[in-house]
Amino acid sequence: MLFAHDTEVSLAATAALVNTGRGTEGLPDEAALDRFVTEWRWTGERTRDRAELDAVRRLRPRLARLWELSEDDAATLVNALLREAGALPQLVKHDGWDYHLHATSADAPLADRMAVDAGMAFTDVIRTGQLDRLRRCAADDCDNVHVDLSKNRSRRFCGTACANRINVAAYRTRQAARPTAARPTAGPPTAGRTPSG
Ligand SMILES: [Zn+2]
Ligand SMILES: [Zn+2]
C-alpha cells in the first residue's frame, strides 16, 4: 500500500466526487447526495437540504483543479482548503474504523468535511512527491479523473466500465485487422469469451 488506508479511501472518494461534476451531473438532487455519502461511508452530521448540496457541488471544481495544478499551486490550494475549514488534525476511532485522522469535527458542514478530508489526503500525496499519480481516464470519451495507486503506476482508466469498454473495442479492432483464416489465440482481456462476429 502506498498510503495509509484512510488516505487511499479519501483519494478515491475525492476523485469520485470530482467525477460527479463531469459529464452528466452525478449529484442532481439531495437524494443523489445521500447515495454518494452512503456509498463512500461518510459519517457525521447532515442537513440534507439544498444548501448542503450546493456547497458540495461548489467544492467539486476546486478539488478538480488538483488534477491540473503544478505542485506549488496544488500545495497552495490544499493549504487553503485546510485553513478555510479550520482544520485541526485529531486521531479518532469510530464505526469499526481503527485510529485515523479527522481534521474537522463531526458536526462541521459536510462540504467542509469533504474539503478537509481531501486536503489531508493530498498533503500525503504532495509531501511524498506523488502528484503525478493524478490522472485523467485514458478513454477518449470519458472526462473522469482518478488517482493511480497501483504499484507500477499502470492504471489508465477511471474504472472497470471504461477499462472493459476500451479493452474490448481494442480487441475487436485487432480481430478485424487479422486475415480471416487467423484464429483468435486469446479472448478479449476482460470479456472472457470469443466474440461470434
Ligand atoms: Zn472517520
Ligand atoms: Zn473513464
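**Terms and their grounds**

Author: Leaving aside residues up to four places away in sequence, Phe122 touches Leu11, Thr14, Leu66, Trp67, Val78, Leu131 and Leu134, where contact means heavy atoms within 4.5 Å. The model is predicted, so that local features need pLDDT of at least 70 and side-chain atom pairs count only at pLDDT 80 or more, while totals for chains, interfaces and linings use all residues. Residues are numbered from 1 along each chain as its sequence is written, chains are lettered from A and ligands numbered from 1 in the order in which they are written, and side-chain values use heavy atoms, with hydrogens and water left out.

Reader: Which residues have the most contacts inside the largest nonpolar core?

Author: They are Leu66, Trp67, Met114 and Phe122, in a core of 42 residues; a nonpolar core is a set of buried Ala, Val, Leu, Ile, Met, Phe, Trp, Tyr and Cys residues joined through side-chain atoms within 4.5 Å. The elements giving two or more residues to this core are H1, H2, H3, H4, H5 and S4, and H5 provides the largest share, 11 residues. Apart from it lies another core, of 7 residues, including Cys137, Ala139, Phe157 and Cys162.

Reader: How are the helices and strands of the protein chain counted, and in what order do the elements run?

Author: Helices (H or I, at least four residues) and strands (E, at least two) are DSSP runs, numbered from the N terminus. The protein chain has 6 helices and 4 strands, in the order α-α-α-α-β-β-α-β-β-α from the N terminus on.

Reader: What puts the buried residues of H3 on the same side?

Author: In H3, the buried residues are Glu52, Leu53, Val56, Leu59, Arg60, Leu63 and Ala64, buried being under 20% relative accessible area, exposed over 50% and partly exposed in between (1.4 Å probe, protein chains only). These residues cover an arc of only 125° around the axis, and therefore lie on the same side of H3; the arc is that of the directions from the helix axis to the C-beta atoms. They pack against helix H1 (5–20), helix H2 (30–39), helix H4 (71–84) and helix H5 (110–127), whereas the face turned away from the buried side carries the exposed residues Ala51 and Arg58.

Reader: Why is the arrangement around the zinc ion (ligand 2) called tetrahedral?

Author: The protein donors of this zinc ion (ligand 2) are Cys137 (SG), Cys142 (SG), Cys158 (SG) and Cys162 (SG), lying 2.3 Å from it; donors are N, O and S atoms within 2.8 Å of the metal (3.2 Å for Na, K and Ca), and because water is not among the atoms, sites may look incomplete. Four donors count as tetrahedral if all angles lie between 85 and 135 degrees, and the 4 donor atoms here subtend angles of 105 to 115°, so the arrangement is tetrahedral. Along the chain these donors of the zinc ion (ligand 2) follow the spacing C-x4-C-x15-C-x3-C.

Reader: How do you know whether Cys142, Cys162 and His102 are buried or partly exposed?

Author: Cys142 has 16% relative accessibility and therefore counts as buried, and Cys162, with a relative accessible area of 5%, is buried. His102 is at 26%, so His102 counts as partly exposed.

How values were computed: Tetrahedral: all angles 85-135°; square planar, octahedral: opposite > 155°, others 65-115°.
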